[in-house]
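Here's a quick briefing for anyone meeting this structure for the first time. Have a look at it, then read on for the main points.

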Amino acid sequence: MSGNLAGTAGRLRRAGSSITAPRPSALPPALRQALSRLGWTVVSVGLFVGLWELAWLLGIADPRLLPPPHIFLGNIPDQARFFNTATRWQIGVDAAAGPSPYEAVGITVAATAGRVFAGLAIAAVLSVTVGVLVRYFALFEKLTLPTITLLSPVSPIAWLPVAIFIFGIGNAPAIFMVVVALFFHMVLSTVSQIDGVNRNFVNVARTMGATKRQIYARVIIPAILPQMLIVLRLNLFGAWMVVLVAESTGVGFGLGQVIMLARNTFNPSLVFFTIALIGLLGFLTDWLLRQVQRRILYWVPQTTGVLRGL
Amino acid sequence: MGSEPVQPFSSKDAVVCRAVSKTWAAGTARAHEALRAIDLEVAPGEFVVLLGPSGCGKSTLLYLVAGLEETTSGEIHSFRDPVERPSPDRSLIFQETSLFPWLSVWQNVAFGLSIRGAPEDERRATAREALARVGLAEAMHKRPDELSGGMRQRVAVARALAMRPKVLLMDEPFAALDVQTRAKMQDFLLDVWRDSGASVLFVTHHIDEAVALADRVVVFTARPGRIKSIIPVDLPRPRDPFSPECAHLRVRLTGELRGEVDRAFAEQEALAGAA
């Protein structure tokens with residue numbers, strides 16, 4: 001355990017040195033920036049882990065309730081046992097059946113991530129479509145917007161029984177939960193993005209004889225795309241949160257189900273192990289979406305530099 | 001200029017405004033009158049500058065002529081046709097850059113053609129030609145954010161020219177540029193205008209700009225905007241801003257404008273006091 005602490009400190013020191021002494025020579029600026037960001041991520045997490053380990057060392061954090069990282073990450077095979085994806089309730093399937101523990105972790109993670117992305121994709125397409133229709137057809141707005149506004153503050157938890165009533169158990173209710181959690185306020189956000197489009201853009205297209213359809217397809221939608229991708233990124237975290245709630249009610253397998261199992265069997269190590277997995281996944285998917293954003297939205301200026309100068 | 005009193009709308013004038021008024025938010029508590037009883041004719045190929053204090057409604061008149069807004073009363077015609085909606089014949093150039101950031105320079109210039117469904121070859125050729133006319137042929141494949149403010153406005157002019165408009169409407173197009181760039185842009189605009197043969201309606205609150213550019217200067221009163229006076233400028237171009245004629249014109253325009261600027265100020269202060 002003290003070895004682990006030393007390891008953490010070593011990581012801290014290594015990360016620190018890579019930041020404070022950027023070699024002016026070989027590395028291209030983009031790579032150096034990426035390395036520096038990675039370094040700071042390690043430092044930030046290292047600080048958090050360090051404080052936790054310290055609390056454990058001083059006896060403040062009871063390892064039976066708040067096991068520090070070196071405990072819940074120390075025995076991964078032991079944790080992986082609980083990620084059993086075999087359908088053991090079926091007749092003729094014995095307790096040892098199914099994939100190996102590590103495979104099971106992979107399958108569980110993939111299943112949850114799949115539900116997140118499926119829900120996110122459906123919610124994005126649906127809500128942008130509805131948002132554009134709201135502004136395109138005045139009657140559609142009058143018929144739908146009040147209901148959408150009324151439903152948008154409803155917590156996704158309230159939809160959980162509805163999801164089960166309609167879809168039973170399995171993938172469908174979990175995906176439905178993600179969609180329903182994101183759809184309403186993404187519609188409202190789409191509408192407000194459309195209202196914020198630079199009027200000159202619209203007027204330029206009008207003076208060139210563009211029809212309403214052309215203005216929407218070729219001016220308004222490209223103009224709102226950057227903000228919509230940011231909204232999508234923010235909602236990605238929302239999707240990760242909701243999917244766990246949905247999975248905890250019985251979908252066969254998933255990270256939410258593992259958390260529920262850990263709760264029911266009083267296994268804090270398993271809880272924290274799963275939380276660590278979710279955090280890592282959320283971080284990776286956010287990074288992925290940021291790369292997508294940079295590729296597609298090459299014209300959006302990077303404005304964080306202004307705040308750095310303060 | 002060339003308007004026939006018997007049938008006022010049969011004239012060949014590029015733009016004819018008859019008793020044009022505009023009240024924003026008419027019939028509500030927030031209603032305010034922007035323009036009152038504007039009568040104005042612009043001949044084909046003429047360069048008319050609308051000069052007036054800020055907020056006097058001269059930009060509003062431009063939007064009305066463009067067909068982007070409707071008049072409250074009065075009529076606007078362009079080459080005999082009533083103005084009811086925007087038309088590629090009347091191109092509007094804005095103060096703020098209005099290039100689409102997601103399109104390259106040439107795609108911006110060819111945007112109007114792509115709206116009409118022109119094939120790619122034609123769009124490229126037209127864009128290349130229009131960009132050459134504003135001296136930016138080599139910037140074809142750049143993105144708008146890679147250009148300076150002056151270059152972006154030249155691209156905006158090229159985009160307007162690509163539609164072969166009969167009337168160019170310019171809403172303080174150089175206001176956001178620095179003084180040196182602005183002087184260059186004025187020379188450039190005069191060249192483009194002469195080549196294209198289009199009429200220009202140019203809104204500004206800069207007296208120097210009016211002196212450098214105009215065939216006629218239309219001076220507006222403070223709100224509601226009315227035409228205070230129309231001053232013809234019969235000076236050859238390029239004009240030396242330090243010549244006695246230009247100095248004399250500048251003094252005259254300053255005198256015309258001074259009272260209006262004072263009135264506009266007083267009104268704004270009264271409004272601020274009321275609020």
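How far apart do the end C-alpha atoms of residues 15–247 of chain B lie, and how much of the span is helix and how much strand? The ends sit 30 Å apart, and the span is 32% helix and 26% strand. Helices (H or I, at least four residues) and strands (E, at least two) are DSSP runs, numbered from the N terminus.

Keep in mind that this is a predicted model, where local features need pLDDT of at least 70, side-chain atom pairs count only at pLDDT 80 or more, and totals for chains, interfaces and linings use all residues. Residues are numbered from 1 along each chain as its sequence is written, chains are lettered from A and ligands numbered from 1 in the order in which they are written, and side-chain values use heavy atoms, with hydrogens and water left out.

**What the record says**

- UniProt, in an unreviewed entry, puts the feature "domain: ABC transporter" at residues 15–247 of chain B.
- UniProt positions follow the numbering used here, feature names are shortened, and annotations may be inferred rather than shown by experiment.

**Where chain A meets chain B**

- Chain A brings 17 residues to the contact and chain B brings 22 residues; contact here means heavy atoms within 4.5 Å.
- About 2,000 Å² is buried between chain A and chain B, with carbon and sulfur atoms giving 67% of that. Buried area is the accessible area (1.4 Å probe) that two parts lose on being put together, summed over both.
- A salt bridge is a side-chain nitrogen of Lys or Arg within 4 Å of a carboxyl oxygen of Asp or Glu.
- Helix H9 (199–207) and helix H10 (212–247) of chain A each supply at least two residues of the side of chain A that touches chain B.
- H9(A) gives the largest share of that side, seven residues.
- That side of chain A splits into ten nonpolar, five polar and two charged residues. Ala, Val, Leu, Ile, Met, Phe, Trp, Tyr, Cys and Pro count as nonpolar, Asp, Glu, Lys and Arg as charged, and the others, Gly among them, as polar.

**Salt bridges**

- Over all chains, the whole structure has 16 salt bridges.
- Side chains of opposite charge can pair when their charged atoms come close.
- In chain A, Arg135(A) and Glu141(A) pair up at 2.8 Å, N to O, and together with Asp195(A) they are linked in a network of salt bridges.
- Arg135(A) is partly exposed at 25% relative accessible area, and Glu141(A) is partly exposed at 25% too. Buried means under 20% relative accessible area, exposed over 50%, and partly exposed in between (1.4 Å probe, protein chains only).
- Asp286(A) and Arg290(A) form a salt bridge at 3.1 Å, N to O; both lie in helix H12 (residues 268–296) of chain A, four residues apart, about one turn of the helix.
- Asp286(A) is buried at 8% relative accessibility, while Arg290(A) is partly exposed at 23%.
- In chain B, Glu41(B) and Arg18(B) form a salt bridge, with their closest N and O atoms 2.9 Å apart. Glu41(B) is in strand E2 (residues 32–42) and Arg18(B) in strand E1 (residues 15–24), so the pair ties together parts that are 23 residues apart in sequence.
- Glu41(B) is buried, at 14% relative accessible area.

**A covered helix in chain B**

- Helix H1 (residues 58–66) of chain B is mostly covered, with eight of its nine residues buried.
- Among those buried residues of H1(B) are Lys58(B), Leu61(B) and Tyr63(B).
- Just after H1(B), Gly67(B) has a positive phi of about 90°.
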